[in-house]
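The entries follow in the order I looked things up.

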Amino acid sequence: MLQEITLGQFFPGNSILHRLDPRTKIILLFVLMILIFVADGVEAYALLTFATAALIFVSEIPPLTVLKSLKPLSWIILFTLLIHFVSHDGKVLAKIFVFKITDEGVEQGILISLRLVLLIIFSSLLTFTTAPIKLTDAMEKILSPLAKFGVPSHELAMMMTIALRFIPTLLEETDKIIKAQKSRGADFETGNIFRRLKNFVPILVPLFLSSFRRADDLAMAMEARCYRGGEGRTHMKKLKFNRVDLFAGIFVILFSAIIIFLSYFWKVS
């Protein structure tokens with residue numbers, strides 16, 4: 001099950017999204033995230049959903065692989081959907097015990113859940129199509145103006161990228177530990193919730209030990225390579241904006257204008 005989680009993984013390729021400058025992808029990701037919350041109405045969200053499907057197609061990443069990124073947060077999406085079903089006033093569509101499902105609740109539940117789905121997919125496409133080292137360089141460049149105020153932009157970018165990079169590694173390590181404990185007769189599926197939590201102790205202890213060992217190995221490797229932070233650091237391959245980044249920026253600006261028009265002016269007209 002853990003092997004199906006794709007969060008933090010990178011899939012090499014030569015698609016348009018792969019060729020975009022990582023700074024462009026990060027900036028446009030934030031623009032699209034803001035646009036998701038700004039959008040209003042069925043037309044706007046239908047266009048956003050179509051654009052998401054188009055990005056998945058352009059990225060040349062299998063759609064099922066992208067959809068797997070929703071699995072870790074599927075229970076949050078489902079809980080959000082259900083809680084909105086019964087927490088809004090409106091025309092009652094059904095009644096289950098003391099809970100009333102209303103038309104307004106269904107509309108808001110679908111809207112908020114769709115927002116979460118789009119946010120996860122957009123974020124996943126960023127990591128799917130951007131190598132970790134490029135992601136680090138892009139974050140460092142974007143945060144570099146904050147260095148004037150004493151913010152260690154390089155160190156922050158490296159910490160975020162290392163954390164993101166080690167998610168698949170820790171998931172793989174957890175899966176191995178679970179299989180090893182099951183082969184020794186451990187049971188993680190029966191009993192009440194307290195017993196199940198107690199049974200997870202043999203997983204958490206070796207996982208923490210393995211994480212600390214990997215962190216220590218990484219620190220030693222960085223010291224052996226004379227790593228001293230971002231000061232005076234050079235890049236063999238410098239990030240450069242190209243024509244594809246310009247076209248992508250123009251497209252997102254036009255797309256944002258259409259979404260805003262559909263959300264706030266289309267209904268009036």
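What pattern does the protein chain follow, read along the sequence? I read α-α-α-α-α-β-β-α-α-α-α-α-α. This is a predicted model, where local features need pLDDT of at least 70, side-chain atom pairs count only at pLDDT 80 or more, and totals for chains, interfaces and linings use all residues. Residues are numbered from 1 along each chain as its sequence is written, and side-chain values use heavy atoms, with hydrogens and water left out.

**Entry: overall**

I counted eleven helices and two strands in the protein chain. Helices (H or I, at least four residues) and strands (E, at least two) are DSSP runs numbered from the N terminus. Along the principal axes, the C-alpha atoms fill a box of roughly 65 × 60 × 40 Å.

**Entry: α2 with α11**

I looked up this pair by its axes, which are lines fitted to C-alpha atoms over the stretch in contact, with angles from 0 to 180 degrees between N-to-C directions. α2 and α11 pack at about 5°, and their axes are 11 Å apart. That angle makes α2 roughly parallel to α11. (Under 35 degrees is roughly parallel, over 145 roughly antiparallel, 65 to 115 roughly perpendicular, and the rest oblique.) Contact means heavy atoms within 4.5 Å. On α2 the contact residues include Leu28, Leu32 and Leu35; on α11 they include Val252, Phe255 and Ile259. The contact divides into eleven nonpolar, four polar and one charged. (Ala, Val, Leu, Ile, Met, Phe, Trp, Tyr, Cys and Pro count as nonpolar, Asp, Glu, Lys and Arg as charged, the others, Gly among them, as polar.)

**Entry: α8 and its partners**

I took α7 (residues 132-143) next. The axes of α7 and α8 come within 8 Å and cross at roughly 150°. That makes α7 roughly antiparallel to α8.

Then I checked α8 (residues 153-183) against α10 (residues 201-224): the angle is about 140°, with axes 10 Å apart. That makes α8 oblique to α10. α8 passes α10 in a right-handed crossing. Met158 is also one of the α8 residues in this contact, and Arg214 is one of those from α10.

**Entry: largest pocket**

Which residues lie nearest the centre of the largest pocket? I found Leu17, Leu20, Leu55, Phe251 and Val252, out of 24 lining residues. α1, α2, α3, α6 and α11 each supply at least two residues of the lining. The lining divides into 21 nonpolar, two polar and one charged.

Definitions and conventions: A crossing is left-handed if the near helix is turned anticlockwise from the far one by less than a right angle, and right-handed if clockwise. On a 1 Å grid over the protein atoms alone, a cavity is a set of points where a 1.4 Å probe fits but cannot get out, and a pocket is an open set with protein on both sides within 12 Å along at least five of seven lines; lining residues have an atom within 4 Å of a point.
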